Amino acid sequence: MIIGLTGKNASGKGEAAKFLQERGFQYASLSDVLRDELRKRKMPLTRDNLTKVGNALREKNPSILADRVLRGLSEHHNYVVDSFRNPSEVEAFRHRPDFILWAVIASPQVRFQRMKTRAREKDPRTLAAFLEVEKREASNANPAMQSIESCEKMANVRVANNATIESFYSRLTPLLKSALQQLRRPSWDAYFMNIAQVVASRSNCLKRKVAAVIVKDGRIISTGYNGTPRNTKNCFENGCPRCSRVGPSGKDLRECYCSHGEENAIVQSAYHGIGIKGSTLYTTFSPCLLCTKMIINAGIVEVVYNQEYPLAESARMLMKEAGVTLRKVLL
């Protein structure tokens, strides 16, 4: 899960981030991307410089800060991502189904008092000056500039923070419980197809990386990826003369030394003496005619694929005649 935080200066985003970090969330911040950029440019780390450089970067790409943060996130952690200040940054994260945005809200008077308590040298000294600075960040027609109020309107949750830390945490606790209860695991189709795609990364074929996973009773019993036969030179080491010529796809297939992913998954099960009758085969590409004949004769009853193989129409017709279910799954 990724929980994003937006809100105006001194609203309490940092405390919300601390709350989540104490509960196992990894921390990331769009502002840290800006700080890194200022260090590269050897500019002082001031609020004005952060705003100026942030606006300049967003002129080139409105979601650039979010894009950089997203590239650094692992699939295996919960994250809290601080400092959403532009709607394009929110939209970049919206592509992730596990993302929600919290807006932390507090009155100007409360936030000004908190800012005075922090006593930073460059902070405004009066409420009027504080509000004037804030006005420039709150709303802007220019899509490259900060527009915190627009981000707040996009939030899934708005949480007030006008009192003590204890009362703030008491509001965050049920919000976090609710968020975690909405976590969704991938479907079995997505689960096994994603594994097939990882298996494909082991392919040694120059032309295309393809893999298959054979599943029975909800467990994987065999995997296979395309490439040259066991104990022979890898395809990418010029082990296959047809692939080494890097000619057009679909040409000279009879000269190809590489076995297909489905073929290897079936052969691997036979090699290790594992029965696959009644199983399901997940493959990153729909099977060719040769693999289709092996699938039918091996007793596989269902084939689930992600992408279309260019020469698969005869294979599709044969599977239909043999009663093998064929389904396409998009990830």
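Me: Which residues does Phe84 touch, not counting residues up to four places away in sequence?
Reply: Phe84 touches Gly4, Leu5, Thr6, Leu30, Glu89, Val90, Phe93, Phe99, Leu101 and Cys151, contact being heavy atoms within 4.5 Å. This is a predicted model, in which local features need pLDDT of at least 70 and side-chain atom pairs pLDDT 80 or more, while totals for chains, interfaces and linings use all residues. Residues are numbered from 1 along each chain, and side-chain values use heavy atoms, without hydrogens or water.

Me: Why are α12 and α13 called roughly parallel?
Reply: Helix α12 (residues 261-271) packs against helix α13 (residues 289-298) at about 30 degrees, with the axes 9 Å apart. Angles under 35 degrees count as roughly parallel, so α12 and α13 are roughly parallel to each other. The crossing is left-handed, that is, the near helix is turned anticlockwise from the far one by less than a right angle.

Me: What makes up the contact of α12 with α13, by class?
Reply: From α12 come Glu262, Glu263, Ile266 and Val267, which meet Leu290, Cys291, Met294, Ile295 and Ala298 of α13. By class, seven residues are nonpolar, two charged and none polar; Glu counts as charged, and Ala, Val, Leu, Ile, Met and Cys as nonpolar.

Me: Which members of the largest nonpolar core touch the most others?
Reply: Val69, Leu73, Val81, Phe84 and Phe93 do, out of 26 residues. Such a core joins buried (under 20% relative accessible area, 1.4 Å probe, protein chains only) Ala, Val, Leu, Ile, Met, Phe, Trp, Tyr and Cys residues through side-chain atoms within 4.5 Å. Helix α4 gives the most to this core, with five residues.

Notes:
Axes are lines fitted to C-alpha atoms, for helices over the stretch in contact, and angles run from 0 to 180 degrees between N-to-C directions. Helices (H or I, at least four residues) and strands (E, at least two) are DSSP runs, numbered from the N terminus. Angles under 35 degrees count as roughly parallel, over 145 as roughly antiparallel, 65 to 115 as roughly perpendicular and the rest as oblique. Buried means under 20% relative accessible area, exposed over 50%, partly exposed in between (1.4 Å probe, protein chains only).
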